[in-house]
Amino acid sequence: MRLHRNLCFATVDGLLQIFNEGMYADKVVQQLLKRDKRWGSRDRAFVAETTYDIVRWKRLYAEIAEVKEPFSRDDVWRLVAVWATLKGIKLPDWKYFENTPSRKIKGRFDEFSSVRKIKESVPDWMDELVSKELGEKLWGKEIAALNEQADVVLRVNTLKTTKEKLQAELFDLDIETDEIKNYPNALKLKERANVFTTDAFQKGYFEVQDASSQKVAEFLDVQPGMRVVDTCAGAGGKTLHLAALMENKGQIIAMDIYENKLKELKRRAKRAGAHNIEMRVIDSTKPIKKLYDKADRVLIDAPCSGLGVLRRNPDAKWKLQPEFIEKIKKTQSEILNTYSRMVKPGGKLVYATCSILPSENQKQVEAFLASENGKNFNFIKEKKILANESGFDGFYMALLEKKN
């Protein structure tokens, strides 16, 4: 591979925004990709993947390059030099790469391979916290899996098409997909491609949704005709899946504290042909209280640390703080306690997170079941998904049933 100056410049600019200005990597990459109309898909892929790669391995590369934050522009060029050297890419004779000690880089990389927090590139506190909760061995396997690039997985929208039809339509566009065993509506791309520009996407034939995330709606055990409440709907990936599983029959009430997310869900629902979704903003306790004891099914896709989805959000490693995790655990507990009251007797509830921490998952469920309100529920089953076992995002889900 040859390095091109304008692509490297774009990458360096993007990394400075992410590291020094605290901007989100996905937003920065989106902007970068619009920078030059002459770039082909290969150029854009280089910018996106190199930026994400250096974000993912920030600590390791910074230790090897012997640079500290806040990074100067020269420091970021040194990170690029480390990245290229370790990838076996020949450095061009640009002034930014003068005196790059290639042999020393490889030596330092070997030196750090026995120190997990540097080798796997995570902050000290995170390494300590998760190894305490999961155990040293499991955390070692899990962080290695979470540092791999995530696959692109589609969820076929069964309201509009079938898996076979979508697969054939994408194949005609040279986008090859594989089915995934035990994931009935999932297709995995064999190679990364921009699927959002396809006709099939515009027509609402699929959503991009990780395979683990697709398990959540299935876990809720919905039937056509039910009244279902998705309490933390966000932009609605799981809401749309629920609509498809319910064959557009019955009612889904999608709730969130952020109105702009529900507006995005409205747009997506229109494209997907999902007509049984009603949006409600949680702007006080009123919308919740109105639904006490009224829902057949309630989904609580709780706000969490997001430690299970580091593969697609590698910058979360550097943005997340231990204080946030402590705070979010209190929020999870309050949400579970309040929103569970919407389940009617005989109805079911799923509590889900995209975290791998037991303290955000089974411990929350145990505490809830021991509480005054939780005594009205029976624990049915739970599912823990780890990236190192599944090859997809880390997730947790628990199914509870309200006593009659």
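Helix H5 gives the most to the lining of the second largest pocket, with 5 residues. Helices here are DSSP runs of H or I with at least four residues, strands are runs of E with at least two, and both are numbered from the N terminus. The model is predicted, so local features need pLDDT of at least 70 and side-chain atom pairs count only at pLDDT 80 or more, while totals for chains, interfaces and linings use all residues. Residues are numbered from 1 along each chain as its sequence is written, and side-chain values use heavy atoms, with hydrogens and water left out.

The second largest pocket has a volume of about 280 Å³. Rolling a probe the size of a water molecule over the atoms shows where empty space is left. On a 1 Å grid over the protein atoms alone, a pocket is an open set of points where a 1.4 Å probe fits, with protein on both sides within 12 Å along at least five of seven lines; a cavity is a set from which the probe cannot get out, and lining residues have an atom within 4 Å of a point. Grid points are joined across faces, edges and corners, and the volume is the space filled by probe spheres set on them. The lining counts 17 residues, and those closest to the pocket centre are Arg78, Glu98, Asn99, Thr100 and Pro101. Two or more lining residues come from each of H4, H5 and helix H6 (102-112). By class, the lining has 8 nonpolar, 2 polar and 7 charged residues, where Ala, Val, Leu, Ile, Met, Phe, Trp, Tyr, Cys and Pro count as nonpolar, Asp, Glu, Lys and Arg as charged, and the others, Gly among them, as polar.

Proline 101 has its place in the loop between H5 and H6. Its relative accessibility of 39% makes proline 101 partly exposed, given that buried means under 20% relative accessible area, exposed over 50%, and partly exposed in between (1.4 Å probe, protein chains only). The C-alpha atoms of proline 101 and alanine 65 are 9.4 Å apart, although 36 residues separate the two along the chain. Another such pairing involves lysine 141, placed in helix H9 (residues 136-146). Lysine 141 is partly exposed at 48% relative accessible area, and its C-alpha atom lies 6.2 Å from that of asparagine 388, 247 residues away along the chain.

The structure holds 12 aromatic pairs; rings of Phe, Tyr and Trp (its six-membered ring) pair if their centres lie within 6.5 Å, with planes under 30 degrees apart counted as stacked, over 60 as edge-to-face and the rest as tilted. One of the pairs joins phenylalanine 9 and tryptophan 77 edge-to-face, at 5.6 Å centre to centre and 85 degrees between the planes. This pair links distant parts of the chain, with phenylalanine 9 in helix H1 (residues 5-20) and tryptophan 77 in helix H5 (residues 73-86), 68 residues apart. Tryptophan 77 is buried, with a relative accessible area of 1%, whereas phenylalanine 9 is partly exposed at 26%. In the pair of phenylalanine 19 and phenylalanine 71, the ring centres are 5.5 Å apart and the planes stand at 75 degrees, so this pair is edge-to-face. It also joins distant parts of the chain: phenylalanine 19 is in helix H1 and phenylalanine 71 in the loop between helix H4 (58-65) and H5, 52 residues apart. Phenylalanine 19 counts as buried at 11% relative accessibility, and phenylalanine 71 counts as buried at 5%. Phe9, Trp77, Trp94, Tyr96 and Phe97 form one aromatic cluster.

Charges meet rings as well. The charged end of lysine 215 sits over the ring of tyrosine 183, 4.4 Å from its centre, and that of lysine 317 sits over the ring of tryptophan 57, 5.7 Å from its centre. For this, NZ of Lys or CZ of Arg must be within 6 Å of the ring centre and within 35 degrees of the ring normal.

Helix H13 (residues 237-245) is largely enclosed by the rest of the structure, because 7 of its 9 residues are buried.

The UniProt annotation "binding site" (unreviewed entry) covers Asp256, Asp283 and Asp301. UniProt positions follow the numbering used here, feature names are shortened, and annotations may be inferred rather than shown by experiment. Aspartate 256 lies in strand E6 (residues 251-256) and is buried, with a relative accessible area of 7%. For "active site" (unreviewed entry), UniProt lists Cys354. Cysteine 354 is in the loop between strand E9 (343-353) and helix H18 (362-369) and is buried at 18% relative accessible area.
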